[in-house]
Amino acid sequence: MHGNLDLRDVARQTFGARAAFYATSAAHTDPQVLARLLELAAPARVSCALDVATGTGHTAFALSPRADVVIGVDLTCQMLEQARLRATELALNNVRFQVADALALPFSDAAFGVVTCRRAAHHFTDISRALSEMWRVMRPGGRLVIDDRSVPEDDFIDRAMNELDRLHDESHVRQYRPSEWETLLNEAGFSVQTVEPYFRHRPLNSLTENVSPQHTARIHAKLDALTWEERAKLNIAEVDGVVHINHWYVMLSAVKRTGG
């Protein structure tokens, strides 16, 4: 809980305020990552695809050439407004958006051949329930692709990056290690096919942009208190005069097991 708000309300407030930023964010429009996601999610054309926590729609747009219909859902109305504007600009007639909670998807069982979720699962207040809902709305043998912030199998990096991201965004719940993701997906009824950890060396302001002065100060204080060894683990270094830090991610593909 956050005062009188739960984390989903915090997420609505946070991403409502940042909607225009996410519409053009380089991290969310990364063509290499979107191309790989498409390879894993829809190597052949599918009838119906669902993008959970679609934000401003980048993944839904990437899926649109490979699906008859793509539905993108998100908690935040302002994000979906940006997505609809962009869909109009791109003249995409097979993509539509609606407000929905990942923990209670408003679709019938086995409705989709492909389900994706990108850069959002670390905000879910009940990751097991969200995965259960994705499993429920997928056809047997359907494909799930997750692309999300992650942490390597290292206790210090795990703790440090989750603390920093919680200061960056108060709706942050947890970045999961690849091993945790494999366990979560298996327990939800999926057979894991691909686990691809990767990282991006990003400017430090990727953690402080659109963040309150108080939390920005706390982020800098935490980084200033690190030892040289800890700074090396996070790959804190200047690039062309700008301080950068590693952000870790993982892309996973899985198939819905027949019979649960």
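Author: Alanine 53 sits in the loop between strand E1 (46-52) and helix H4 (58-63). Helices (H or I, at least four residues) and strands (E, at least two) are DSSP runs, numbered from the N terminus. Before we go on, some ground rules: this is a predicted model, where local features need pLDDT of at least 70 and side-chain atom pairs count only at pLDDT 80 or more, while totals for chains, interfaces and linings use all residues. Residues are numbered from 1 along each chain as its sequence is written, and side-chain values use heavy atoms, with hydrogens and water left out.

Reader: Is alanine 53 buried or exposed?

Author: The general idea is a percentage: buried means under 20% relative accessible area, exposed means over 50%, and partly exposed is in between (1.4 Å probe, protein chains only). Alanine 53 has a relative accessible area of 18%, so it counts as buried.

Reader: And what about its backbone: what is the phi of alanine 53?

Author: Here's the background: most residues other than glycine have a negative phi. Alanine 53 has a positive phi of about 55°, although it is not a glycine. Alanine 110 also has a positive phi, near 55°, and is likewise a residue other than glycine. You'll find alanine 110 in the loop between strand E3 (95-99) and strand E4 (112-118). Its relative accessibility is 33%, so alanine 110 is partly exposed.

Reader: Let's zoom out. How many helices and strands does the chain have?

Author: The protein chain comes to 11 helices and 8 strands. Of its 260 residues, 53% are buried. The chain exposes about 11,600 Å², and carbon and sulfur atoms supply 51% of that. Those areas come from the Shrake-Rupley method with a 1.4 Å probe; for residues, only the protein chains shown count as cover.

Reader: How do I read contacts along the sequence?

Author: Contact means heavy atoms within 4.5 Å. You then ask how far apart the partners are in sequence. In this chain, among contacts between residues at least 6 apart in sequence, 76% join residues at least 24 apart.

Reader: Which residues does valine 73 contact, leaving aside its neighbours within four places in sequence?

Author: With those neighbours set aside, valine 73 is in contact with Leu50, Asp51, Val52, Ala53, Thr54, Gln98, Ala100, Leu105 and Phe107. Valine 73 lies in strand E2 (residues 67-74) and is buried, with a relative accessible area of 0%.

Reader: Now helix packing. At what angle do helix H6 and helix H8 pack?

Author: Axes are lines fitted to C-alpha atoms, for helices over the stretch in contact, and angles run from 0 to 180 degrees between N-to-C directions. Helix H6 (residues 127-137) and helix H8 (residues 178-187) pack at about 50°, with their axes 9 Å apart. That makes H6 oblique to H8. As for the cut-offs, angles under 35 degrees count as roughly parallel, over 145 as roughly antiparallel, 65 to 115 as roughly perpendicular, and the rest as oblique.

Reader: Which residues make that contact?

Author: Ile127, Ser128 and Leu131 do it from H6, and Trp181, Leu184 and Leu185 from H8. By class, that contact has 5 nonpolar, 1 polar and no charged residues. Here Ala, Val, Leu, Ile, Met, Phe, Trp, Tyr, Cys and Pro count as nonpolar, Asp, Glu, Lys and Arg as charged, and the others, Gly among them, as polar.

Reader: Where does leucine 131 sit, and is it buried or exposed?

Author: Leucine 131 is in helix H6 and is buried, at 0% relative accessible area. Beyond four places in sequence, its contacts include Leu144, Ile146, Ala188 and Phe190. Arginine 129 is in helix H6 too, but is partly exposed at 43%. Arginine 129 touches Leu103 and Ala104, not counting residues up to four places away in sequence.

Reader: One more pair: how do H7 and H10 cross?

Author: The axes of helix H7 (residues 155-168) and helix H10 (residues 213-224) come within 9 Å and cross at roughly 160°. That makes H7 roughly antiparallel to H10.
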